Amino acid sequence: MPSTRDLVQLLRWQVEAGADEAILAAPVDRFQAPAASPTDARAGTPTRAPAPKPRAAPVLASAAAVNETAQHAAAQAANLDELRAALEAFDGCALKQTATNLVFGDGNPTARIMFVGEAPGADEDRQGLPFVGVSGQLLDRMLGWIGLDREAFFITNMLFWRPPGNRQPTPAEVAACLPFVERMISLVDPELLVMVGGSSAKALLGKSEGIKRLRGRWFTYENAFMARPIPAAAIFHPAYLLRSPAEKRAAWQDLLAIREKLDASTDSSPKQ
Ligand code: URA
């Protein structure tokens, strides 16, 4: 009989490996031997187990078809409430089936600055809000240093549902959600866009460089839904800063540059 300590270690190992979701209501003992196949008494040879009934083949939509549906649904949304409803009705991203909640966005929908992170984690999935876990709390503190709180910014992610076990999003998941992110940016209509972490920077800017090369620079961002291009920057993800505190100096410089840009933008073209 394993000790409680061993069991806790086993559980911890499973969580670290990403197995942190209950898929069935009751556990299945995979070590239990399968039922012995019935024996044909007359011939003394095992008979074949009945063949399983063929399952209906799943209907797999092509990535192009999913993207087209997403584009159409996103384009129809005239405001953020409609966009949320469109996402709730959208079945093109399988993450929806394993997630607890849709994580749409948070903050001020008329803010002058918008942040886009990578994907919801366990805390975000539970609460249905982006950046509420440990790394989100660090991000809130960092933005507080430059005078920004959730009344002053809007924040969302590249994915609206949590990847199980916080695994890396697949390109297909990112592509399925992208039209909704793009539409959201056009509806919030910020003066500045900030991508939090390398994945969102690469996806929104269409770049292949890593975050270390993308941070500390200004880009021009535009998508098909927007009426005008806006300046955009990428910053280190707070989860990375928690693991690499030496990079906080560079992160501080990036935040100061964002504050300066926002102040300069107030001087020249205040948002209506
Ligand atoms: N990391 C992200 O990129 N987004 C969240 O919402 C939480 C953690």
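Colleague: Which strands does helix α8 lie across?

Modeller: Helix α8 (residues 198–205) lies across β4 (113–117), β6 (192–196), β7 and β8 (230–235). Helices (H or I, at least four residues) and strands (E, at least two) are DSSP runs, numbered from the N terminus. This is a predicted model, where local features need pLDDT of at least 70, side-chain atom pairs count only at pLDDT 80 or more, and totals for chains, interfaces and linings use all residues. Residues are numbered from 1 along each chain as its sequence is written, and side-chain values use heavy atoms, with hydrogens and water left out.

Colleague: What is the order of the strands in the open sheet?

Modeller: Strands of a sheet pair through backbone hydrogen bonds, either parallel or antiparallel. Two strands count as paired if DSSP finds at least two bridges between them. Here the six strands go β3-β5-β4-β6-β8-β7, with mixed pairing. The edge strands, β3 (106–107) and β7 (219–221), each pair on one side only. β3 runs antiparallel to β5 (residues 153–157), joined by two bridges, and Asp 106 stands opposite Ile 155 in β5.

Colleague: At what angle do α3 and α7 pack?

Modeller: Axes are lines fitted to C-alpha atoms, for helices over the stretch in contact, and angles run from 0 to 180 degrees between N-to-C directions. Helix α3 (residues 80–89) packs against α7 (residues 171–188) at about 170°, with the axes 10 Å apart. That makes α3 roughly antiparallel to α7 (the label for angles over 145 degrees). Contact means heavy atoms within 4.5 Å, and the residues making this one include Leu 83 of α3 and Phe 180 of α7.

Conventions:
Angles under 35 degrees count as roughly parallel, over 145 as roughly antiparallel, 65 to 115 as roughly perpendicular and the rest as oblique.
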